[in-house]
Amino acid sequence: MLKKCRTKSTMMLSKKKIKKLVLFLVVVLIFTIYKLIPKDYKISYKIDKYDIVESYLKKDKMYTFKIKKNNQIFETFSVQKYSKKRKLIKSIKEYKKNEEMCIILKSEKIDENIICKKNGQYIDYNLLNIIPKKYKNKYKNNKKKYENININLIDSSTYLIWNYTGFYKLSNKKLETITLFKDDVYNIDIVTIVGKYLVIADYNEKYNYNKLIRVNLKNNKIDQIELDEDISFDSRIIGKNKNNIYIIDNKNKKEYEINIKNKNFDKINKNKLGKVIKNGKWENIKLNKIITNNITFDNDNVVNYKIKDGLLKKVNNTDVQTKISDKNIKNIVYSDNNRVYYIVDDKLYKYDFLHGENKILEYFELNFNYENMIYIYD
């Protein structure tokens, strides 16, 4: 009898231990999840005689860093994945010569870790010569020629160059031509890339189009997206969202949503209102206003670029405007948080932080036509 009581008591004790263990594990799990959930924060600390203000902005999914020593202030940013760690800068090296000064940050969370100023203005470190060469990186040249285009395909991107009846498709793997139209088309406005597809209006027509040409950029297969209505060539693509593109017909005052993947077509304007994405949310705006003010969808880039006495890189939520090129730039072809492509004379250049400014190709036709002539596919 005594043995049975002890067994029962032991079982009850064991169940209590299991409940406590489960409760403990649940608490630990909740705490861990809480720590990993991105949240706004701002902290101050000191590294190598520099005062640092480190912030995370949950809305923009970015870090900002303000670094100060005496009267010198440097700012930088990071769009790396959120970390529960704080005080992300571990050390700072300083290089100075006359009116030029650079600091190099040691941090696992900051990609753009070299910040320079010349005469008090931010400038890309690749435009200066005051830091050791070991901090500078160079692409390996890969020079070729195709259809009178001198090319230097230094990265893994595919470049699509308009040749008036289609595209030259240039990549490290292959150089080829995609023909789309019978006659020369000198100006293409209704064209974009969505996922693996390049999409362009049917420029075989003159005044209206009722289909889009779709090119699978993985295998060059060409097919069509049939549209339920004629759309005037006085139209423009105002934005993209997932697999959809959004076209405003300026002449007929209509807005269309077209799914490039499954080829669905919908007219989405109602009661003289169109739809656009602003600040990450859908907004209803009068069609007349969208048309008159050339309104487009907001992009979600943290970094934007401006042509002014060369090319400037502007970082949201900071005062940073960094000169990244001294060249006379005609047009920005494509940009994201990590790189920008732009045209100078008859040349296409690429800038990224790690490698600086590099020439990608030279095409004589860019002397005359340079808008909507080049598209980048990754």
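Which element gives the most to the lining of the largest pocket? In this predicted model, the answer is β18, which contributes six residues to that lining.

**The largest pocket**

The largest pocket holds about 2000 Å³ of space. Its lining is made up of 46 residues, and those closest to the centre of the pocket are Lys240, Phe297, Asp298, Asn299 and Asn301. The elements that each give two or more residues to this lining are β14 (191-194), β18 (235-241), β24 (303-307), β27 (331-335) and β31.

**The largest cavity**

When the whole structure is searched, one cavity of 30 Å³ or more is found. The volume of the largest cavity is about 160 Å³, and 17 residues line it, with Glu112, Ile114, Ile115, Lys313 and Thr322 lying nearest its centre. Two or more residues of this lining come from each of β4 (72-78), β7 (114-118) and β25 (311-315).

**The disulfide**

The structure contains one disulfide, which joins Cys102 to Cys116 with a distance of 2.0 Å from S to S. Cys102 belongs to strand β6 (residues 100-106) and Cys116 to strand β7, so the pair ties together parts that are 14 residues apart in sequence. The torsion about the S-S bond of Cys102 and Cys116 is about 110°, and the disulfide is therefore right-handed. Are the two cysteines buried or exposed? Cys102 has a relative accessible area of 0% and is buried, while Cys116, with a relative accessible area of 3%, is likewise buried; the cut-off for that term is a value under 20%.

Leu366 is found in the loop between β30 (356-363) and β31 (374-377). Although it is placed in a loop, Leu366 counts as buried because its relative accessibility is 0%, and buried means under 20%. Which residues does Leu366 touch, once its neighbours within four places in sequence are left aside? Leu366 is then in contact with Lys330, Ile343, Asp345, Asp346, Lys347, Leu361, Met373 and Ile374. Between Leu366 and Lys90, by contrast, there are 46 Å in space, taken from C-alpha to C-alpha, and the two are 276 residues apart in sequence.

Key:
Residues numbered from 1 in each chain as written. Predicted model: local features only at pLDDT ≥ 70, side-chain atom pairs only at ≥ 80, totals over all residues. Heavy atoms only, no water. 1 Å grid on protein atoms, 1.4 Å probe; cavity = no way out; pocket = protein on both sides within 12 Å on 5 of 7 lines; lining within 4 Å. Points joined across faces, edges and corners; volume = space filled by probe spheres on them. Helix = DSSP H or I, 4+ residues; strand = E, 2+ residues; numbered from the N terminus. Buried < 20%, exposed > 50% of the residue type's maximum accessible area, 1.4 Å probe, protein only. Contact = heavy atoms within 4.5 Å. Disulfide = S-S within 2.5 Å.
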